Every structure is written in C-alpha cells, then in structure tokens.
Protein chains: 2
Amino acid sequence: MQIGRMVYDQIDIVNKLIESINISGNSVTNSRRRIIAEIVRKEGLFTSEELAKSLPNIGRATVYRTLRLLYEQGSVCRINIVDDHSYYTLSSSDHHHHTVCKKCNKIDEINLIGLEKSIKQFEKNINSEILSHNLEIYIICSDCA
Amino acid sequence: MQIGRMVYDQIDIVNKLIESINISGNSVTNSRRRIIAEIVRKEGLFTSEELAKSLPNIGRATVYRTLRLLYEQGSVCRINIVDDHSYYTLSSSDHHHHTVCKKCNKIDEINLIGLEKSIKQFEKNINSEILSHNLEIYIICSDCA
DNA sequence: TTGGGTGCAAACAGTTTGCATTTTC
DNA sequence: GAAAATGCAAACTGTTTGCACCCAA
C-alpha cells in the first residue's frame, strides 16, 4: 500500500525524524522535510553526494548541514568504508555490519551476532563507555570470484 | 641499539619493503627509500598528511604516489576511522582493532580476540573469501569521561 | 518580527594529474 | 638511452563557510 512512492511505515519514520528535529529545538523547514523524505525513500546506504543529487532544488550546503544535524542527533549514522566516501543510513534500521567486495565495491549488510557479545565483554574490561562500533569485512564476492 | 634514530629490526623492515618494491618491478629511488624509512620510524598509525609533512623535501605527490604503491602491494594497510582521515599502518604489524574517543579523537589499538573467531566462523557460512576486516569501537575515553 | 535556515558562490582540505626535468635500470 | 619517477603547479572532489535574503515560530 503506497502513497506516492512511499509506504505507510516510511511515513511514520519521516514523521518521527521531523519530530526529533522539532524536539531538539531546531526549525522544521520545507527543505529539511524533503531531505528526510528522500533519506527514508532510499532505504539503505547512501552518500551525501547521492542525496544532494537527488534533491537538485535544494542547495548542497543545506543538504550537508541537514545531514550533519541528523547525524548529531543520532537519527542517522555514518559508516566508513575504505573507498573514500562516507556512507549514511537511518539509525532506526537495525544495527548491522557490512561486507565490501574489493573488486566490484558492492556493499552488503550482514549481522555478526558473535561480535555483539565480544564487544559487550570488552566494555566490561575497559574503563570507558562504548557508544557504537563499526565493522566492515572485505571480501571477494561470489560474483567476482 | 640504534643507528641514527633507527633500531636494527626497523632496518630489516625497511629493507624488506624496499625489496618488495624491487620485486614488483618498480624502481627503488631515493625518495621511496626515505618515505619507507619514515613510515617505519612512525611505528603506528599515521595519515598521508603527517607523512608528507615530516618529509618536506619530497613533493606531496610523490608521497601520495608511493603510499598508494605500498598500499597496492599490500605493504601498508588503510584503516578507516570516522573522522575524515585515512590512517595507514605497516601491514607487517600485528592486526588489531581500534578504539576512537568521540570527544578527543584519541585512537588506541586493541585486540578483540573473540572477534577473530566470529569472523572465521562467518567465513565458513558465506561463499566468499574474506580478505581483511576493520573494526572501530567508539568510546568516551577515561580522560574525557 | 526576529533569529534560525537557505542558497548561492567562494573558500577550503586532501588528493590527483599534466608535464618538463631528473633518475634508475 | 629508454622508461620510470619526481616535483611543481594546476586541477579536482567533497565539504564547509560567509553573507544577503527568506521563512518558521
């Protein structure tokens, strides 16, 4: 069931993000609404550039500023993959890790349950609070092998 | 026991890296020798910029080109940390993971033994060869807490 | 109505490229 | 002597900033 190109639960996410901007004391502007809608529509990893390109009527600076705002609020998270781009995803989506094919650069999302346990264990051993973590596994994918 | 500021086993590493340039069919030049010596002297993570700065008489381009050569040869590896810089280390140094303090950006090397096991297990489950992996844990370090 | 947000253009940082000169093999 | 590497400067890419105008609260 869709409204335009957006399904109901996507609209919920959009509303939640807009609400969080409001709560944090920032203005809910038209540009921000549109940027958020676009992020939700993407449904996965995206780069700042891709986002900016799919919103040609919004200034690049505004896209970058909004992305930073969402990042600082924790609405969006950054993933670092060794190919000179920062990727973003919605924080609301489940936490997961990534495989990156060194040949074709295809990125897949995976879930290493064992890791979460190791990290919890590690947190007990050090005297610092863990905020988040980031794991990429570099592979040659089955298509490229 | 040191020669200049360099100990014997560092000299071995330098020679090994120079040799690998030779073997791969590239020329062993003076600039490359000096860049390699500097990398070995650094003994840990460094950025391209730091490296270039500590070798002011060598052109930036040469530093970047040599770093890329070493990376492509596998002599050096890139570590991605979400702070807008690419970090490098010698591949010969033990594999380890990193904690990054979100406040002061201090980076520490750690070793999550459990993770290595999870990754090995994961490799069995997927149909792809794992080349390497990258883990950063974001924390608030004890100094900043 | 006023302070934050926008959009443009200019600035910036890190990196790469073109090219004449130098070095290695 | 030919091919590869260097160093400079210019180009390029992704991102940020300054500033006049605009709009949400």
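Me: Which residues come nearest to DNA strand D?
Reply: In this predicted model, local features need pLDDT of at least 70 and side-chain atom pairs count only at pLDDT 80 or more, while totals for chains, interfaces and linings use all residues. A residue is near a strand if one of its heavy atoms lies within 4 Å of it. Of the 20 residues around DNA strand D, those that come nearest are A:Glu49, A:Tyr64, B:Thr29, B:Thr62 and B:Arg65.

Me: How far is a polar side-chain atom of B:Thr29 from a phosphate oxygen of DNA strand D?
Reply: Residues are numbered from 1 along each chain as written, chains are lettered from A and ligands numbered from 1 in written order, and side-chain values use heavy atoms, without hydrogens and water. Sugar and phosphate account for 73% of the atoms of DNA strand D that come within 4 Å of the protein. For B:Thr29, the distance is 2.7 Å.

Me: Which element gives the largest share of the surface near DNA strand D?
Reply: Helices are DSSP runs (H or I, at least four residues), numbered from the N terminus. The largest share, five residues, comes from α4(A).

Me: Which cysteine sulfur is nearest to that of A:Cys141?
Reply: A disulfide is a pair of cysteine sulfur atoms within 2.5 Å, and the count over all chains comes to zero. In no disulfide itself, A:Cys141 has its nearest cysteine sulfur 3.7 Å away, in A:Cys101.

Conventions: A polar contact is a pair of N or O atoms within 3.5 Å; within protein, one must be able to donate a hydrogen and the other to accept it, and residues adjacent in sequence count only if both atoms are side-chain atoms. Helices (H or I, at least four residues) and strands (E, at least two) are DSSP runs, numbered from the N terminus.
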